[in-house]
Amino acid sequence: MMPSWMLRALRASSGLRGRLIGTFVAVMVLGAAAAAWAGVQQSTASLISSHTDSAAADLISRVTQVSPSVRYPPRQDSLDQLRNAVGVNALVGFDGNTSSSGFFASGWESVPSDLRAAITAQERSDDARVSTQRVEADGTSWLVIGTPVMITSPEGERAPSGIEVYAAYDLTDVGQQVDALVRGAAVTTALVLPLAVLLAILASRSVLRPIARLRATAQSLAAGDLTARSESAGVDELAQLTRTVNEMAESLQSSMESLAQMEEGSRRFAADVSHELRTPLSTLTAAVEVLHDVLARADHADLSDDDARESAELAFHETQRLVALVEDIMEVARFDAGTTQVRRETVDIAEVARECVSVRGWSDDVRITRGPARSANGRSVTVRADRARLDVILANLIGNALTHGRAPVHVEMSTRDGGVSVAVIDSGPGIPPDDLAHVFTRFYKADTTRTRAHGSGLGLAIARENALAHGGTLTAENRDGGGAVFTLWLPLGEPDASETPEEDHR
Amino acid sequence: MRQRIVSALAIGSIALALSGCGLGPSGVEQGAAAPTGVSAGMTLYFYDSSGTLTAQQRDTGRLGSVQDAIALLLTGPGSSGLTTALTPTTVTRTEVRLSGDQMSIVVPLTATEATDVGTDQIVCTALASHIQSGGSPDTTVTVHFTVGSDTTRTCPVLP
């Protein structure tokens with residue numbers, strides 16, 4: 001397994017910091033290497049050049065010194081004499097005769113052919129010169145210097161004597177000096193590395209710190225804190241970006257504020273309208289009730305007009321419905337305003353369900369069953385919840401099932417995921433798939449043609465809001481065998497030490 | 001990934017730097033002027049019958065030194081038909097010093113024994129030997145006599 005620091009380094013290397021540091025270090029090391037390389041090249045070139053020049057000067061001086069004493073035309077011993085004067089690695093040739101030693105032990109064969117051709121050419125030229133060449137022999141570098149020996153007339157005219165002198169110089173010492181140069185350059189380059197890393201880290205920090213600040217600001221904005229801003233200093237691109245983000249946050253904040261104000265206004269409007277409607281409705285309800293009763297009791301023929309009775313009946317029911325609608329709208333408005341209060345107490349859901357069904361006269365159509373998974377201690381299914389709101393949820397679900405689905409309706413209770421699950425299953429055809437996602441939407445009607453359906457269109461929305469207010473969930477789905485399933489799940493809730501009702505603002 | 005390419009590039013360049021220079025084989029390069037100094041004989045200067053300073057080649061088999069040439073000059077022209085202006089002497093040892101373009105020769109003769117034209121013989125012979133052994137043709141020669149004032153001159157027949 002890789003050690004953790006390696007993993008960290010690997011992660012860091014793929015980020016902006018890693019790339020910055022990598023590039024910086026690479027550039028610096030490349031620069032240092034290039035400078036060192038150029039320096040070494042130049043030093044080596046001048047080292048070799050000076051060594052070559054001094055060796056050539058040495059050869060010329062030795063030959064010049066001994067030449068006047070050498071017999072001409074030379075015999076073998078003259079050649080030997082010249083060769084001895086030149087040094088240990090030398091070859092002296094004249095007209096097919098040679099005297100050689102050391103490097104040139106094998107005679108002409110050891111003379112580089114390029115060099116020999118050059119010497120031959122030099123002999124014929126007006127201005128004969130020494131020729132030099134570096135060669136590799138047995139893994140060692142040698143400097144071979146060759147020159148024709150000239151005859152100078154008293155008038156200063158030079159002519160070839162036919163004598164050629166070659167000398168070889170071991171370049172091992174020079175090689176060692178070059179190696180030392182290269183080592184020095186390599187060490188210098190290597191020393192640049194930590195320095196480069198240090199500088200790169202400092203440079204990357206100056207770039208990455210504003211980025212980290214920007215990221216924190218963006219995270220705060222995303223989390224909903226619209227007042228979050230970054231400090232922007234300087235005039236570089238990052239500062240510009242920071243300013244732009246700040247401007248963006250500014251405009252986001254102002255538009256969110258105006259949006260919130262508008263929403264607040266519309267909510268208040270809905271609440272006010274409902275409230276204003278309630279007072280005349282109360283009066284209207286009372287009046288219609290009286291009218292209804294009077295008509296029901298009236299036996300006189302002149303008044304027992306069936307049309308009038310029917311109208312009164314209709315007015316009575318529609319007024320009842322209007323009252324229920326206004327109550328629902330006010331409930332929704334309270335949810336929206338966040339002023340809903342949940343009074344938790346320990347309640348038995350099964351008991352609440354039974355009461356809910358029997359009070360509304362649904363006992364014939366509803367079967368309440370306990371699911372297979374009972375509470376561990378076998379007690380009744382209890383939760384900490386607001387009894388009234390639980391009743392509203394169940395009434396809405398069962399009423400909805402009876403109205404839109406078909407009897408019989410099964411209410412199944414079970415414990416699940418640390419909470420209580422109540423499934424309300426009807427025997428109808430189920431909810432059309434297109435509508436499944438919208439069943440909890442306010443005033444959503446599954447069948448658009450039946451605009452005069454029972455209910456306000458707010459029942460399921462209110463049930464869901466109530467479930468959410470308890471920290472629970474309410475979901476709708478279709479069973480495989482047909483029939484809609486509405487599943488309420490409520491957390492068990494912490495049993496409070498004191499049984500005082502607690503207030504829970506949504 | 002790019003990191004690795006960059007570092008490979010860097011290492012590659014360093015390796016190139018370490019190996020790219022040094023003492024590898026090279027081509028043939030030209031250096032200083034070739035040495036000189038071999039000769040089949042010495043050049044001495046005598047006067048011919050018309051009194052002209054003439055070079056005479058002596059087949060000594062080698063060029064020899066300036067001293068050798070002057071010593072041979074002092075021994076005379078032999079039976080070649082040429083004449084010398086120098087008074088014959090048995091002492092042929094001379095002293096030759098060279099300092100830059102200045103050659104000074106101490107001869108075992110008085111100024112009178114050497115004579116003016118004889119001095120030219122000495123100067124020309126010394127310069128010829130000097131030039132043939134690779135010396136500069138711009139050298140001036142100062143001759144020191146055993147008696148008499150020194151004279152500094154160049155050879156009238158050499159360029």
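Why does Leu127(B) count as buried? Leu127(B) has 27 C-beta neighbours inside 10 Å, and therefore counts as buried; a residue is called buried if 20 or more other C-beta atoms lie within 10 Å of its own, exposed if 12 or fewer, and partly exposed in between, with C-beta atoms placed from the backbone. The model examined here is predicted, so local features need pLDDT of at least 70 and side-chain atom pairs count only at pLDDT 80 or more, while totals for chains, interfaces and linings use all residues. Residues are numbered from 1 along each chain as its sequence is written, and chains are lettered from A and ligands numbered from 1 in the order in which they are written.

Leu127(B) belongs to helix α4 (residues 116-132) of chain B; helices (H or I, at least four residues) and strands (E, at least two) are DSSP runs, numbered from the N terminus. Setting aside residues up to four places away in sequence, Leu127(B) touches Thr139(B), Val141(B), Thr154(B), Cys155(B) and Leu158(B), where a contact requires C-beta atoms, placed from the backbone, to lie within 7 Å. Leu127(B) and Val141(B) are 14 residues apart along the chain, and their C-alpha atoms are separated by 7.7 Å.

Val141(B) leads on to the sheet. In β6(B), Val141(B) stands opposite Met103(B), and strands β5 (residues 102-106) and β6 (residues 140-144) of chain B run parallel, joined by 5 bridges; two strands are taken to pair if DSSP finds at least two bridges between them. These strands are part of an open sheet of 4 strands in chain B, with the order β4-β5-β6-β7 and mixed pairing. At its edges stand β4 (95-99) and β7 (151-153) of chain B, each with a single partner strand, so one side of each is left without a neighbour in the sheet. From one strand to the next the twist averages 20°. Helix α4(B) packs on this sheet, touching β5, β6 and β7 of chain B, and its direction makes about 130° with that of β6(B); axes are lines fitted to C-alpha atoms, for helices over the stretch in contact, and angles run from 0 to 180 degrees between N-to-C directions.

Chain B as a whole has 4 helices and 7 strands, which follow the pattern α-β-β-β-α-β-β-α-α-β-β along the sequence. Of its 159 residues, 35% are buried. Among contacts in chain B between residues at least 6 apart in sequence, 61% join residues at least 24 apart.

The two chains meet through 59 residues of chain A and 42 residues of chain B. On the chain A side, α2 (16-66), α4 (113-124), β3 (129-137), β4 (140-152), β5 (158-170) and α5 (172-222) each supply at least two residues, and α2(A) gives the most, with 17 residues. The residues of this side divide into 33 nonpolar, 18 polar and 8 charged; Ala, Val, Leu, Ile, Met, Phe, Trp, Tyr, Cys and Pro count as nonpolar, Asp, Glu, Lys and Arg as charged, and the others, Gly among them, as polar. Strand pairing also crosses between the chains: β3(A) and strand β1 (residues 29-33) of chain B pair in the antiparallel sense over 3 bridges, with Gln30(B) as the bridge partner of Ser131(A).

The largest nonpolar core has 84 residues, and those with the most contacts inside it are Val165(A), Ala167(A), Ile122(B) and Ala126(B); such a core is a set of buried Ala, Val, Leu, Ile, Met, Phe, Trp, Tyr and Cys residues joined through C-beta atoms within 7 Å. Its largest share, 15 residues, comes from α2(A). Another core, of 42 residues, lies apart from it and includes Val357(A), Ile368(A), Ala401(A) and Met413(A).

Elsewhere in chain A, 9 of the 11 residues of helix α11 (residues 459-469) are buried, so this helix is largely enclosed by the rest of the structure. Its buried residues include Leu460(A), Ile462(A), Arg464(A) and Glu465(A), and their cover includes α7 (306-337), α9 (387-404), β11 and β12 of chain A. Just after α11(A), Gly471(A) takes a positive phi of about 80°. Strands β11 (residues 473-478) and β12 (residues 484-491) of chain A run antiparallel and are joined by 6 bridges. They form a hairpin with 5 residues between them, and Gly482(A) in the turn has a positive phi of about 95°.
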